[in-house]
Amino acid sequence: MTDKAVSKPLIVAQQVNKIFTNGCQALKDVSLTICEGEVVVIIGPSGSGKSTFLRTLNQLETISSGTICIDGIDLADKRTNINKLREEVGMVFQSFNLFPHKTALGNVMLAPMKVLGQSKGQALESARNLLYRVGLHDRMDHYPSRLSGGQQQRVAIARSLAMKPKVLLFDEPTSALDPEMVGEVLDVMKELAQEGMTMVVVTHEMGFAREVADRLVFMEEGELILEETPERFFNSSHPRLQRFLGQVL
Ligand code: ADP
Ligand code: MG
């Protein structure tokens, strides 16, 4: 892992509020700093604002007030090139959403060619390397329909990595998988973490959180309730966290 003691803040969210047009306040004064190379795992009950928070980080949602800076750039600044920034913040969803008419390679090559302007040769070489890295060297020419859920999600991770993001956001990446496929996806994520990738992960996989996270965050009803190292987190006597852990562990 990188030397996190001296690493610089990559994402700085301050007093972030999000009120949807229907009046629902999904985020209440959420402040969180994520440094380069850090792995932050967010847990919390359904509806606590975890997805909304991730979506504000890559501008899928605007915020109602507060500030979010990524790599020193204020998302709200009119001069900020949101598309450029979005490329630097990758996101992996619960549903992998691969293009069904493209092979694993084709899925990984598409955005680097269209968005980054890579040549076909460049994109192919990089996609091969990435699929190798996620353990799919023997599945490169397969269409999504011929891949298991775990394999599809690993293609989706490779596809995000192809854009060379500064940070990867994961929103419950294993929740849609059959239990026997969860491990292979978590293993890939663990390797990325060990290679120094900055990651923000929403998950219910407590074993992964305990082992891989540098910090754990507990959200409830739109609030960031607690932010701790795994050891302190799981030994915390915070009543709201205890109630939640009692339900999921
Ligand atoms: P989580 O990911 O923790 O389950 P979400 O961030 O999806 O929670 O949702 C937080 C709250 O915001 C919930 O009450 C949800 O109903 C509400 N919400 C999410 N998206 C929208 C939306 N587009 N419009 C209105 N309310 C929303
Ligand atoms: Mg969610």
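The following exercises, each with a worked solution, concern a predicted model.

**Exercise 1.** Work out in what order the four strands of the open sheet are arranged, and which of the strands stand at the edges.

*Solution.* Begin with the arrangement: the four strands follow the order β2-β1-β4-β5, and their pairing is antiparallel. Next, consider the ends of that order, where β2 (25-35) and β5 (73-74) each have a single partner strand, so that one side of each is left without a neighbour in the sheet. Then turn to one pair inside the sheet, in which strand β1 (residues 9-19) and strand β4 (residues 65-70) are joined by five bridges, and where Ile11 stands opposite Ile70 in β4.

**Exercise 2.** Determine how many disulfides a search of the whole structure finds, and then describe Cys35 and Cys69.

*Solution.* The search finds zero disulfides. As for accessibility, Cys35 counts as buried at 17%, while Cys69 is partly exposed, with a relative accessible area of 24%.

**Exercise 3.** Decide whether Gln152 is buried or exposed, and find which residues it contacts beyond its neighbours within four places in sequence.

*Solution.* First locate Gln152, which lies in helix α5 (residues 149-161). Its relative accessible area is 16%, and because buried means under 20%, Gln152 is buried. Leaving aside neighbours within four places in sequence, Gln152 is in contact with Phe96, Leu98, Pro144 and Leu147.

Definitions and conventions
Residues are numbered from 1 along each chain as its sequence is written. Chains are lettered from A and ligands numbered from 1 in the order in which they are written. This is a predicted model: local features need pLDDT of at least 70, side-chain atom pairs count only at pLDDT 80 or more; totals for chains, interfaces and linings use all residues. Side-chain values use heavy atoms; hydrogens and water are left out. Helices (H or I, at least four residues) and strands (E, at least two) are DSSP runs, numbered from the N terminus. Buried means under 20% relative accessible area, exposed over 50%, partly exposed in between (1.4 Å probe, protein chains only). Contact means heavy atoms within 4.5 Å. A disulfide is a pair of cysteine sulfur atoms within 2.5 Å. Two strands pair if DSSP finds at least two bridges between them.
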